[in-house]
Amino acid sequence: MKILHLLAGAAAHWNLLNIYLAGENSPLEKWSEMIRDIDGEHYRLTDEQWDYIKNSFNSNGVPTYIVLNGEANVTYTKVGIPEVEKMKEELLKALN
């Protein structure tokens, strides 16, 4: 997916950290296999943790992309896969 390539490149170039979260509803074996090819930090959450994250960030779907700035404020949220150029624009905004 193009968005994953952008995020991996952005992390390396702009010193960003990509964090990927999955819930217990994500099959463990498939999740373990998929994360091998995706750069970043990966966490598999309990149902309680997953519900907390979904409610905290008003996420009503998977995937949900959330961009935080240096002060840990949410600057962008997108349910579904964002356009690469839009994500690039939002990452640059969060860096400034």
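Biologist: Is H42 buried or exposed?
Modeller: In this predicted model, H42 is buried, because its relative accessible area of 19% falls under the 20% cut-off.

Biologist: Where is H42 found, and what does its side chain reach?
Modeller: H42 is found in strand β2, and its side chain reaches the backbone oxygen of I38 at 2.7 Å.

Biologist: Which strand does β2 pair with, and in which sense, parallel or antiparallel?
Modeller: Strand β2, residues 41-44, pairs with strand β1, residues 19-22, in the parallel sense, and four bridges join the two. Within that pairing, A22 stands opposite R44 of β2.

Biologist: Switching to the surface, which residues form the nonpolar patch?
Modeller: The patch is formed by L17, I19, L21 and Y43, which together have about 390 Å² of accessible area; one of these residues, I19, is found in strand β1.

Biologist: What about E71, buried or exposed?
Modeller: E71 counts as exposed, because its relative accessibility is 61% and the cut-off for that class is over 50%. As for its place in the chain, E71 is found in the loop between β3, residues 64-68, and β4, residues 74-79.

Key: Residues numbered from 1 in each chain as written. Predicted model: local features only at pLDDT ≥ 70, side-chain atom pairs only at ≥ 80, totals over all residues. Heavy atoms only, no water. Pairing = 2+ DSSP bridges. Patch = residues over 30% accessible without salt bridge, like charges linked within 9 Å, V, L, I, M, F, W, Y side chains within 5 Å. Areas by Shrake-Rupley, 256 points an atom, 1.4 Å probe, with all protein chains shown as cover. Salt bridge = Lys/Arg side-chain N within 4 Å of Asp/Glu carboxyl O. Buried < 20%, exposed > 50% of the residue type's maximum accessible area, 1.4 Å probe, protein only. Polar contact = N/O pair within 3.5 Å; in protein donor to acceptor, adjacent residues only side chain to side chain.
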